Amino acid sequence: MWAVLEQMAAAAPQLFLYVVGLFVAMILLSLVISLRKAEASERPEIIRALADLMAFWQKR
């Protein structure tokens, strides 16, 4: 997978930026949707899970 991303970034950097931007937008939209439809008592669990996910990706 990383080799494909590397080749795509080298061959078409603008397309690569569009793909990365689309991925980031999907994550942000899923966050908005999950928080909008969640009950007030469930929101801390969602936010905690997202914070754990962000901490995991920052370690990599």
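Of the 60 residues in the chain, 2% are buried (under 20% relative accessible area with a 1.4 Å probe, protein chains only). The structure is a predicted model, in which local features need pLDDT of at least 70, side-chain atom pairs count only at pLDDT 80 or more, and totals for chains, interfaces and linings use all residues. Residues are numbered from 1 along each chain as its sequence is written, and side-chain values use heavy atoms, without hydrogens and water.

The chain exposes about 5500 Å², and 70% of this area comes from carbon and sulfur atoms (Shrake-Rupley method, 1.4 Å probe).

## Fold and dimensions

The chain contains three helices and zero strands (DSSP runs: H or I of at least four residues for helices, E of at least two for strands). Its C-alpha trace spans about 45 × 25 × 15 Å along the principal axes. The radius of gyration is 16 Å, whereas a compact globule of 60 residues would have a value near 10 Å (taken over C-alpha atoms; the globule rule is 2.2 Å times the number of residues to the power 0.38).

## The largest pocket

The largest pocket has a volume of about 610 Å³ (a pocket is an open set of points on a 1 Å grid where a 1.4 Å probe fits, with protein on both sides within 12 Å along at least five of seven lines; the volume is the space filled by probe spheres set on the points).

Its lining comprises 16 residues, and Val-20, Phe-23, Val-24, Ile-27 and Trp-57 lie nearest the centre (lining residues have an atom within 4 Å of a point). Helices H1 (2–11), H2 (13–36) and H3 (43–59) each supply at least two lining residues, and H2 gives the most, with nine.

Terms used
Buried means under 20% relative accessible area, exposed over 50%, partly exposed in between (1.4 Å probe, protein chains only).
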